[in-house]
Amino acid sequence: MDLLEYQGKQFFASFDIPVSPGEAVTTVEEAVAAADRIGYPVVVKAQVHVGGRGKAGGVKLASNTSEAREHAGNILGLDIKGHIVKIVWIESASDIAEEYYASFTLDRAAKKHLGMLSAQGGVEIEVVADENPDAIAKIWIDPVDGLTEEVARAWVLAANLNPAANDGAVDILLKLYRAYTEGDADLCEINPLILKPTGEVHALDAKVTLDGNAEFRHEGWEVYDATQVRDEREQAAHDKGLQYVGLEGSVGVIANGAGLAMSTVDIVNQVGGKPANFLDIGGGANAEVMAGALEVINNDPAVKAIFINIFGGITKGDEVANGIVTALGRVKIDSPIVIRIDGTNAEQGRAILAEHESDMLQSKSTMLEAAKAVVELAK
Ligand code: GDP
Ligand code: MN
């Protein structure tokens, strides 16, 4: 779950990381009123789920009311890499002596958290990594050990910041690590992390990705959820509580369990087809869930054929087959369906489906046969 900058800053602030005071608004009038309240100079910042807003004209300094009005007017409605700006964040402008970069993310291969710190901030970190990789000080943190002050200090020294920034940087990095771990984030990035002429260190931007699977243990994450950008299909699936990812192909995929759904996407590709989506209906493949899944898939005009791939475990094959039949009675489906049921009570399940077989519905006993059939139908 990606946060907008101002949400990221609120998240940071809850871990005591210094950020500038500001207000999020959606109209020019509100922007002007907010700027007047905050006091000039302010920065008017586009709130979209993409980086590089500065270069795209989405970050502007305003030193008085009329400049605030002008910038808010230009930025609201601006198209930044396909994202239309609907919210602007007005914050008290900071004086900048130096711009740094700091982040934590997971290095899956190393099975450790990766911290990156660079004295070359403000620009895209990919560019620094490309042109001047030695300018990024990296540390790998074992989650069991955590980040100690001693290690943080050595890391900061290795990054060769202005010595005046060292204490402030250590303090922020320790807090940022807490935000990243205790806050259940997959990514916490500050670019730029600034040193002010007065010697304070401060987060001027915030890029935060939260682990959506942890939502259940964080009150208040609903507000972040509400501002996620999803395509129509993804929104419909999300509203039904389905695990759905939209893809580009023509074979609609429904499977129970994320692993099986991924294997289904793979096998469709393997036999020369292109999946239209990834959809995991989870363990309980009952009629209600199945009908919801079929509805989402059927509303995707790119879908030419549907592959339902179910492995009966605790949910038995005959129950799933009955669920599918009931669902098909409720939802009118435009594309032919190929079903593979295996696992517990697979025989009984197939027997139930056999009574309903037609041009629009066929059942196959293996995943490979089913994949071949559905890809043929999608042509
Ligand atoms: P991004 O372009 O999407 O990464 O947006 P940022 O929030 O990082 O802002 C881009 C650049 O605008 C920063 O690197 C700063 O140079 C500049 N900027 C942002 N806020 C301020 C501010 O309060 N004061 C000053 N002087 N410059 C700012
Ligand atoms: Mn930035």
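**Notebook: contacts, cores and a manganese site**

I began with contacts (heavy atoms within 4.5 Å). Among those in the protein between residues at least 6 apart in sequence, 68% join residues at least 24 apart.

I noted the conventions next. This is a predicted model, where local features need pLDDT of at least 70, side-chain atom pairs count only at pLDDT 80 or more, and totals for chains, interfaces and linings use all residues. Residues are numbered from 1 along each chain as its sequence is written, chains are lettered from A and ligands numbered from 1 in the order written, and side-chain values use heavy atoms, with hydrogens and water left out.

**Overall layout.** I looked up the extent: the C-alpha trace spans about 80 × 50 × 40 Å along its principal axes. The protein holds 13 helices and 18 strands (DSSP runs: H or I of at least four residues, E of at least two, numbered from the N terminus). I found domain 1 at 21–92, domain 2 at 98–222 and domain 3 at 232–378; the bounds come from an automatic or database domain assignment. The C-alpha centres of domains 1 and 3 lie 45 Å apart. Of the 379 residues, 49% count as buried (under 20% relative accessible area, 1.4 Å probe, protein chains only; exposed is over 50%, partly exposed in between).

**Cores.** I then took the nonpolar cores (buried Ala, Val, Leu, Ile, Met, Phe, Trp, Tyr and Cys joined through side-chain atoms within 4.5 Å). The largest has 41 residues, and F11, F12, F104 and L210 have the most contacts inside it. Helix α6 gives the largest share, 8 residues. Apart from this core lies another of 30 residues, among them L242 and I333. I also checked L210: beyond its neighbours within four places in sequence, its contacts include M1, F11, W221 and Y224.

**Manganese.** I listed the protein donors of the manganese ion (ligand 2): N191 (O) and D205 (OD), lying 2.2 Å from it. Donors are N, O and S atoms within 2.8 Å of the metal (3.2 Å for Na, K and Ca); water is not among the atoms, so sites may look incomplete. N191 sits in strand β10, D205 in the loop between β11 and β12, 14 residues apart. Both N191 and D205 are buried.

**Strand β14.** I finished here. All 5 of the 5 residues of β14 (251–255) are buried, so the strand is largely enclosed by the rest of the structure. V251, V253 and A255 cover one side, G252 and I254 the other. β14 runs parallel to β16 (305–312), joined by 5 bridges (pairing needs at least two DSSP bridges). V253 stands opposite F307 in β16.
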